[in-house]
Amino acid sequence: MIRVKDFLRFFLFVSMIMVTAVRADINLWVMSFDNLHSDSEIKWLKEGFVDFIVDHYADNDYVRAYRSEKLDETLSVIKRNPAYQNARNYVVSGAYHRDKGEFIVDLQLTDLKTWETLAKKQVHEKSSDLEQLIMTVNKALDEIVDPRVKESIKTNAGEEKTPEQEVFDVGKDKNLEDIREMTVATKDIGSALDKLLADFQEKPEQYREPEPFSQNQFSQDAFTDRVRDFVRETHSFEQTMNFILNDPYEINIGEPTIQRLPMNSQSVLLSFRIDYRIKMEIVREMIETLKIKGKKEGETYIEYSFSGNDYLFTSDFIKRVAYGQYRYFPVVSLKDENGNAVSRIIDAPGTIDQIKHFNPMFNIAAGPWTMTIYLVKGVQEIDYELTLPIRTVAKISQVSIDMMTEDEIVQLVEK
Amino acid sequence: MTKNKILIVDDEPNVCQFLAEYLDYKGFETVICYSGIDALKYLKTEPFDAVLLDLIMPEMNGIEVLEQMRQMNIFVPVIIVTGVRDKKVAEDAMSLGAVDFIPKPIDLDRLEQSLIVNIKNLQ
């Protein structure tokens, strides 16, 4: 692993963009579900339900759903962030089990301010279709969340806005909302930076290894035959690719370090490591539901080829592949406590004086009669370094990563 | 005023955190354990006012924890918090000294009431 010494040697697009956060009336903090009977076949749904719920509310104007990895950290984020404080914050907890082939899912909504249980709902789903189960759970959650939304709208209509709320309403910029939300990893680094800023003069800290992957882990049993059947029966090649590309990366953000710059007392060198890897088990399982023409596997890669005799590759799909619309690059946002990006690193191919740093680990190549998928094994560790004024670093409380296509990056930069 | 101290034993970190935050809000002090073995170590060395115990855990399940507590003469009110809804299991737990049996997903009001009643009874 080569540590990057000179941040100018690779392409770091750092923009000081003040992007205001989008205010939601209700924030749902979704915790991992409880697999009541420790059923290993459906263990993956612990995190799966969280993803489905977060996706379900991605385009909702009034409700935002976030994964809550650790409840104490969630509470701390809410406490430090006026945008969240002005909204209603509810925790969604759930539990599930199977009984005689039927899925039983319990949902609970708890107010994080009063710890009052606002609503509970139990849903039964007899269908073994995963899509149906997701829809049932999302619908049930809507049923317990919607009354709170109506209540919130009614209350807000009767209230005068505080200056802070005005700021967030102004920030609800349509242009910004058009940017597809694809934040795949977020980490609060505010307290770590505060500590580092306090004592960086005395002893610059050694680089710390990121913690082992713990987020979004899917085990082998993540894909039961049921999921495989679901994919086989209902999805074409293209749909399966879209499904995989919705979230193929597992990302881990390391602790930041700060170093003084010898010739510049006003700025510091902020470094942090990000590890990228493909959710290999889940992606493999999904790809292998398709009819494969050929498979090659080496120490560092797996290559699958698919024949046009088995699948119809539409010209639109081939064009999208050729134009790189299935290639994603990381956009690292350093955010303040209000969720505003104070600095961004766009780690993607550009036009001037740059060395591409992140290599996509999921690639599709299109030919007239074949389609090839290339998966890179292992972990891609990247050290990012950037020089920032001390006052800017002091504002940073969170780092989050969005995986974007080159088109989306261009849109982001233009805005 | 001294806070009542509760030991939460569950191999699901999210369940533990949720209960800990709730109980903290309600004025209890909490300690979290993710296994029965660790729970027994704590119980040997620290006094607790109540234990919230899950039944299905790897290595040592909740019933085994209760049996060990009995052998070690540790008498703390134990409230079983579990997804198991088997009457026989509930009876086994009660015969080993559990004072209440709360099914998951947990009704927080019921849990608070149970803690208040059982801690008061002990005192």
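1. At what angle do α2(A) and helix α1 (residues 13–25) of chain B pack, and how far apart are their axes? The angle is about 50° and the axes lie 9 Å apart; axes are lines fitted to C-alpha atoms, for helices over the stretch in contact, and angles run from 0 to 180 degrees between N-to-C directions. Angles under 35 degrees count as roughly parallel, over 145 as roughly antiparallel, 65 to 115 as roughly perpendicular and the rest as oblique; α2(A) and α1(B) are therefore oblique to each other.

2. This is a predicted model, in which local features need pLDDT of at least 70 and side-chain atom pairs count only at pLDDT 80 or more, while totals for chains, interfaces and linings use all residues. Residues are numbered from 1 along each chain as its sequence is written, and chains are lettered from A and ligands numbered from 1 in the order in which they are written.

3. Where the two helices meet, A:Leu71, A:Asp72 and A:Leu75 face B:Gln17, B:Phe18 and B:Glu21. Contact here requires C-beta atoms, placed from the backbone, within 7 Å. Helices (H or I, at least four residues) and strands (E, at least two) are DSSP runs, numbered from the N terminus.

4. The contact as a whole takes 17 residues from chain A and 14 residues from chain B. On chain A, α2 (71–80), β5 (88–99) and β6 (102–111) each supply at least two residues of the side that touches chain B.

5. Chain B holds an open sheet of five strands in the order β2-β1-β3-β4-β5, with parallel pairing; two strands pair if DSSP finds at least two bridges between them. Four bridges join β1(B) (residues 5–9) to β3(B) (residues 50–53), and B:Leu7 stands opposite B:Val51.
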